Amino acid sequence: MGCCNRRCGLLAGAVFGALLAVLGGILIPAGNSIIEGTVKKEAVIENGTTAYDNWVSTGAAVYRQFWFFDVTNPVEIVENGATPVVVQRGPYTYKTRYLPKENVTFTNFTVTFLLPLGAIFEPSMSVGPEEDHITVLNLAVAGAYSLTPTTLHGVVERLIKSTNSSLFQRRSVKELLWGYYDPMLKVTTGLFSPYNGTYDGPYTVSTGEDDIANVGKILSWRGEESLTFWDDKYCNMINGTDASSFAPFVDKRKPLYFFSSDICRSVSASYEDSLDLKGIKVYRYTLQPNTLAAPNVNPDNQCYCRDPKVTKNCTMAGVLDISSCQGNKPIYISLPHFLYGSPSLRESVLGLSPSPEHHDTFMDVEPITGFTLRFAKRIQVNMMYGPSKVITVLKQVKDYTIFPIVWLNETAALDHETADMFKEELFSRVETLEVLQLSLLGIGVSIFVLCFTMYCVVRCRHSVSGTVR
């Protein structure tokens with residue numbers, strides 16, 4: 001009777017262990033389904049969700065740092081046609097994107113809003129005050145040269161002489177960035193003028209409520225579903241989000257698409273590496289090498305080449321003429337590492353030393369939620385000038401020159417407090433569920449194996465003893 005009770009107990013233990021293991025196995029897909037449902041619910045852009053709280057007002061501080069290219073030999077360039085030599089000055093740092101989105105309106109699974117623009121100088125993060133003076137290319141002279149036909153260069157020459165202007169000027173950091181009264185143009189001009197008190201947008205994006213795969217996707221910008229700056233349907237497409245977030249459950253095998261109003265086009269980024277950010281696993285995405293490749297390397301970029309004369313028959317890589325979306329200002333945006341990566345371009349302006357480490361754009365995306373937890377957007381702002389037989393300050397210029405003025409580094413990163421909250425709200429639950437799943441599975445399998453083994457041993461011994469009798 002005792003032997004029977006023992007075997008029954010072991011058999012019951014084995015069944016109990018099997019049930020625990022089955023329960024743990026069932027919890028894996030069930031738990032994953034719960035996690036997926038929770039993440040999708042919180043990723044929707046609507047009042048009360050985690051995504052909305054982070055979307056309507058940027059949690060992490062966003063900074064724009066500026067490094068100017070201070071020209072050291074302006075007289076020699078103008079009088080003797082010397083090669084320009086520049087020295088990098090910076091950073092001059094401003095806090096940006098500190099204002100919440102305005103005019104937020106929800107309609108049929110979409111939300112429309114305005115993005116207010118503002119910049120506050122941060123002295124503690126800068127090498128000097130905004131009043132520091134820098135010698136840079138004269139924006140008015142370069143602009144007038146680019147916008148005026150050759151037949152009217154005489155008019156430009158008279159304007160330059162009557163206002164005592166030259167190819168280069170010396171201005172304060174504040175003036176160059178945010179505006180100053182130019183005597184030649186008789187208007188306020190500056191690299192980012194006007195800025196404070198202005199808006200980007202309006203944007204209309206998908207809330208993701210009807211399809212989470214489209215959350216944050218830009219549906220229109222300035223009331224248009226496509227751009228009008230480029231003479232091509234492909235280049236005018238608005239693809240992806242604004243890069244602050246993407247659809248949850250990111251697949252690193254696929255590129256991420258986003259639109260940047262700063263460069264007036266959509267771009268894509270590809271997975272590079274997995275990193276640890278304050279205890280959170282993130283995917284590092286960087287711009288694909290062919291983003292600003294010359295059309296002979298990437299034919300898709302042919303529609304971005306607006307002036308074959310300046311870009312050497314569209315063979316110049318790493319530069320984008322955005323004058324069509326900057327009020328016809330001859331602004332050329334570049335990725336410093338790509339534009340001045342070739343010896344021929346480095347020789348046109350001396351003193352440049354681009355490197356991927358300091359000049360590459362990247363995003364660190366948390367793969368479960370799709371939130372961008374850290375990013376660095378590096379863009380160089382250039383203007384163009386070239387030779388002229390009439391304009392005195394350009395008579396010694398030998399060829400068209402994409403001249404660097406400033407490069408900016410816009411960054412934001414998850415702080416420790418937000419990282420702890422992020423881990424507690426999401427990952428602690430995921431980890432608890434995973435521990436429970438594995439514990440039940442492990443304990444159940446162990447009990448089953450132990451009880452079933454002992455049951456077999458007891459039964460075998462009972463059989464042997466019965467045979468001996």
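This is a predicted model: local features need pLDDT of at least 70, side-chain atom pairs count only at pLDDT 80 or more; totals for chains, interfaces and linings use all residues.
Visitor: How should I read the accessibility of Arg 222: buried, exposed or partly exposed?

Guide: Buried means under 20% relative accessible area and exposed means over 50%. Arg 222 has 48% relative accessibility, so it counts as partly exposed.

Visitor: And what is phi for Lys 278?

Guide: Lys 278 has a positive phi too, near 55°, and it is a residue other than glycine. Look for Lys 278 in the loop between E13 and E14. Its relative accessible area is 28%, so Lys 278 is partly exposed.

Visitor: Now peptide bonds. Is the one from Gly 90 to Pro 91 cis or trans?

Guide: Omega is the angle to check. From Gly 90 to Pro 91 the bond is cis, with omega near 10°. Pro 91 belongs to strand E2, residues 86-96. A cis peptide bond also joins Gly 201 and Pro 202, where omega is about 5°. Pro 202 falls in strand E10, residues 199-206.

Visitor: Let's turn to disulfides. How many are there?

Guide: The count comes to 3 disulfides. If you count the bonded cysteines along the chain, the pattern is 1-3, 2-6, 4-5.

Visitor: Which residue does Cys 235 join, and why is that disulfide called right-handed or left-handed?

Guide: Cys 235 is joined to Cys 303, with an S to S distance of 1.8 Å. The handedness is read from the torsion about the S-S bond: here the torsion is about 70°, so the disulfide is right-handed. Next, look at what the bond connects. Cys 235 is in the loop between strand E11 (218-221) and strand E12 (256-260), while Cys 303 is in the loop between strand E14 (280-287) and strand E15 (319-321), so the pair ties together parts 68 residues apart in sequence. Cys 235 is buried, at a relative accessible area of 0%. Cys 303 is buried as well, with 19%, which is under the 20% cut-off for that label.

Visitor: What about Cys 264 and Cys 325: where do they lie?

Guide: A disulfide joins Cys 264 to Cys 325, S to S 1.7 Å. Its torsion is about 70°, so this disulfide is right-handed. The pair links distant parts of the chain, 61 residues apart: Cys 264 is in the loop between E12 and strand E13 (265-277), and Cys 325 is in the loop between E15 and strand E16 (331-334). Both Cys 264 and Cys 325 are buried.

Visitor: And is the disulfide of Cys 305 and Cys 314 right-handed or left-handed?

Guide: Cys 305 is bonded to Cys 314 at an S to S distance of 1.9 Å. The torsion about that S-S bond is about -85°, so the disulfide is left-handed. Cys 305 and Cys 314 are both buried.

Visitor: What does the side chain of Asn 298 reach?

Guide: Asn 298 lies in the loop between E14 and E15. Its side chain reaches the backbone oxygen of Asn 290 at 3.0 Å. Leaving out residues up to four places away in sequence, Asn 298 touches Asn 290 and Ala 293. With a relative accessible area of 10%, Asn 298 is buried.

Visitor: Which residues does Phe 66 touch?

Guide: Not counting residues up to four places away in sequence, the partners of Phe 66 include Arg 89, Gly 90, Pro 91, Trp 178, Phe 192 and Trp 407.

Visitor: Finally, the whole chain. How many helices and strands are there?

Guide: The chain has 10 helices and 19 strands. Of its 469 residues, 48% are buried. Among contacts with a separation of 6 or more, 66% are between residues 24 or more positions apart. The chain exposes about 23100 Å², of which carbon and sulfur atoms supply 56%.

Note on methods: Residues are numbered from 1 along each chain as its sequence is written. Side-chain values use heavy atoms; hydrogens and water are left out. Contact means heavy atoms within 4.5 Å. A disulfide is a pair of cysteine sulfur atoms within 2.5 Å. Helices (H or I, at least four residues) and strands (E, at least two) are DSSP runs, numbered from the N terminus. Buried means under 20% relative accessible area, exposed over 50%, partly exposed in between (1.4 Å probe, protein chains only). Accessible areas come from the Shrake-Rupley method with a 1.4 Å probe; for residues, only the protein chains shown count as cover. A polar contact is a pair of N or O atoms within 3.5 Å; within protein, one must be able to donate a hydrogen and the other to accept it, and residues adjacent in sequence count only if both atoms are side-chain atoms.
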